[in-house]
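These questions and answers concern the structure shown below. Please keep the sequence and the model in view while reading.

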Amino acid sequence: IEFATASFKSFESIAGQNVYTTAMDFQEYLNFLEANGHLNYRLESHSPVGPEMDLKLPGDTHTTRCICLVSNDYLGFSQHPKVKDAVIESVQKYGTGSGASPAIGGHFNYHQQLENKIAQFYKRQNAILYTTGYTANSATLQCLLHEDQENPSKNDLAILDKDVHASVYEGCLSTNKKSFMHNNMEHLEIALKNAQHKYRTRFVIIDGVYSQDGDIAKLDEIIDLTHRYGAYLVVDDAHGIGVVGDTGRGVIEMFDAFDKVDIITGTFSKALGNIGGYVIASPEIINYLKFQSRQHLFSTTATPAVMGIMKAIDLIDEEPVWRHKLWENIKYLKRGLVESGFDVGTTASAVIPVKVGNIHKTLEAGRLLLKAGIYTNPIMYPAVAEKNARIRMNVMATHTKVHLDKVLKAFHEVDQVLKISNKHSQ
Ligand code: PMP
């Protein structure tokens, strides 16, 4: 492992601007990253999703086998033989596409079955599908929240945990919004108190498991507060489903909140190994979305391959061994990192960050890890606050102890060079 000779001063002077007036300016920034081996964006993988992947590393024409810690396929279900068989069967029976948007001929029995199944999974009755988890959030909020310039008493307010996913922010782009400090109940209560009587509807919007820190919402306290102040609660549990909760039903199960959350959103793209988003809510809200949500109405429905999602939902109950293996791996990696003095924050899920702080050290750590055959994601502004850059890892059930020991060894070596762990601050 060697340290890059990049001039960080130069890097900061370019990256620090964060505003590119032209595509040419931006290209200059990309060229700079590439020249210093930091352009690890859109690395091309030549093998299936899994604990090991064949990657084309920057500048190489050949592929290199790396240990992969970047996939949200937490349970390995995208590769599960029973899930693959369900998809193959569905394609043989129904073909590769659904042919239309739902209102005009694209709603099939497999879509209806999936809506029923995901609703029942959360002990509820009504669900609606979207093409991605991103759209489930952005479209639903865009459809439900209104800003009325003529009549401010009809305005709605979104009250967001500061760390919610980008899709939630997008859904609230053209509405009144306030954010509260991450998982901070006092701050949330102030926001709710200040908004009382001022808006037609207040929506508190949170993630169940946060995608950058891997920590979990204080759902019980948030439910109490939203009810006390007469607000609606929206929970996006994209990273919770299949992973947390005794039977894999996410944070909703952890807090026994099946009937206490107004709107649950999520994705089929992570632990369920496929693609697509869902929203679960009262029959009235779901019907409203079915007829009013533009992204649902005017976009072609999912392919028959969604039948793989139905098998994956069954497997959460039928083969809990994957969730148990995942948790063994999460605990093993987390313990190893903490024992070596790394700061993993407050993670309680399959998302494990190693906090670095400084952007260029984080990029450099990502580069050195990749050179050692360990594929991780360096995360920086704007995904997290500027001084909060980190290496983020996603653990999978299909990682072995041999993989995880190699990861720990590589972190130890990177730490010798970059001095990331608290061993160097003593
Ligand atoms: N919500 C959260 C918390 C996420 O992390 C993601 C995925 N990055 C999404 C929503 C969007 O899901 P999808 O990738 O399926 O569109």
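Q: In which loop is the place of F298?
A: The model is predicted: local features need pLDDT of at least 70, side-chain atom pairs count only at pLDDT 80 or more, and totals for chains, interfaces and linings use all residues. Residues are numbered from 1 along each chain as its sequence is written. Helices (H or I, at least four residues) and strands (E, at least two) are DSSP runs, numbered from the N terminus. On that numbering, F298 sits in the loop between helix 11 and helix 12 (307–318).

Q: Is F298 buried or exposed?
A: The test counts other C-beta atoms, placed from the backbone, within 10 Å of the residue's own: 20 or more is buried, 12 or fewer is exposed, and in between is partly exposed. F298 has 11 such atoms, so F298 is exposed.

Q: What distance separates the C-alpha atoms of F298 and I359?
A: Along the chain, F298 and I359 are 61 residues apart.

Q: What span does helix 13 (residues 321–339) reach from its first C-alpha to its last?
A: Helix 13 has 19 residues. The expected span is 1.5 Å times one less than the number of residues. Helix 13 comes close to its expected 27 Å, reaching 27 Å.

Q: What arc around the axis do the buried residues of helix 13 cover?
A: The buried residues of helix 13 are W322, R323, L326, N329, I330, L333 and L337. They lie on the same side of helix 13 because their arc, taken from the directions from the helix axis to the C-beta atoms, is only 125°.

Q: Which residues on the other side of helix 13 are exposed?
A: The buried residues of helix 13 are covered by elements including strand 11 (351–357) and helix 15 (401–418). On the other side of helix 13, the exposed residues are V321, H324, K331, R335 and E339.

Q: Which residues other than its neighbours within four places in sequence is D343 in contact with?
A: D343 is in the loop between helix 13 and strand 11, and 15 other C-beta atoms within 10 Å make D343 partly exposed. Contact requires C-beta atoms, placed from the backbone, within 7 Å of each other. Leaving aside those neighbours, D343 is in contact with K355 and N422.

Q: Where are the buried residues of helix 8 (residues 219–228) placed around the axis?
A: The buried residues of helix 8 are L219, I222, L225 and T226. They cover an arc of only 125°, which puts them on the same side of helix 8.

Q: What is the phi of K123?
A: Most residues other than glycine have a negative phi. K123 is in the loop between helix 4 (109–121) and strand 4 (127–130), and is exposed, with 12 other C-beta atoms within 10 Å. K123 is not a glycine, yet its phi is positive, about 60°.

Q: What value is the phi of D256 near?
A: D256 lies in the loop between helix 9 and strand 9 (263–267). D256 is exposed, with 12 other C-beta atoms within 10 Å. Its phi is positive in a residue other than glycine, near 45°.

Q: Which of the residues around the ligand come nearest?
A: A residue counts as near if its C-beta atom, placed from the backbone, lies within 6 Å of the molecule. Helix 5 (residues 133–144) gives the most to this shell, with 3 residues. Of the 14 residues around the ligand, the nearest are T132, G133, Y134, T267 and S269.

Q: Over which residues is the pLDDT below 50?
A: The protein's average pLDDT, the predictor's confidence in each residue from 0 to 100, is 92, and 94% of the residues score at least 70. The pLDDT is below 50 over residues 1–17.

Methods:
Two residues are in contact if their C-beta atoms, placed from the backbone, lie within 7 Å.
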